[in-house]
Amino acid sequence: MVTIPYLCTRSGRFYFRRRIPQFSTYNMPVMFSLGTTDHSAATRLCVQLTSRCVAFFKAELARCVASVHRMWMVKGMAAAVNKFMIGIIT
């Protein structure tokens with residue numbers, strides 16, 4: 001039998017269980033019932049949820065990197081303006 005990542009079972013019910021990247025040592029994993037006892041239905045749902053989670057995590061990572069980059073650029077521009085203003089005053 002093939003093992004499906006992030007699919008687990010408890011008391012005959014199937015659950016999706018996934019740790020959040022970069023927070024796996026600090027937080028509990030995301031875990032919720034797939035609402036079925038049928039293995040094939042649970043597998044199908046788990047594969048769909050896994051692909052959506054991967055897309056979400058990639059999008060969030062890109063958003064966070066862009067935000068940090070913007071902050072870095074603003075900080076650099078602020079330093080340049082300060083140097084310019086000091087040059088004018090002195």
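Biologist: What makes the three strands an open sheet, and in which order do they come?

Modeller: The order is S1-S2-S3, with antiparallel pairing. S1 (7-10) and S3 (30-33) are the edge strands, as each pairs on one side only. Strands here are DSSP runs of E, at least two residues long, numbered from the N terminus. This is a predicted model, where local features need pLDDT of at least 70 and side-chain atom pairs count only at pLDDT 80 or more, while totals for chains, interfaces and linings use all residues. Residues are numbered from 1 along each chain as its sequence is written, and side-chain values use heavy atoms, without hydrogens and water.

Biologist: Why is the pair of phenylalanine 16 and phenylalanine 32 called tilted?

Modeller: Rings of Phe, Tyr and Trp (its six-membered ring) pair if their centres lie within 6.5 Å; planes under 30 degrees apart are stacked, over 60 edge-to-face, and the rest tilted. These centres are 5.6 Å apart and the planes sit at 45°, so tilted it is. Tyr6, Phe16 and Phe32 form one aromatic cluster.

Biologist: Why is phenylalanine 16 called buried, and what about phenylalanine 32?

Modeller: Buried means under 20% relative accessible area, exposed over 50%, partly exposed in between (1.4 Å probe, protein chains only). Phenylalanine 16 has 1%, so it counts as buried. Phenylalanine 32 has 34%, so that one is partly exposed.

How values were computed: Pairing = 2+ DSSP bridges. Helix = DSSP H or I, 4+ residues; strand = E, 2+ residues; numbered from the N terminus.
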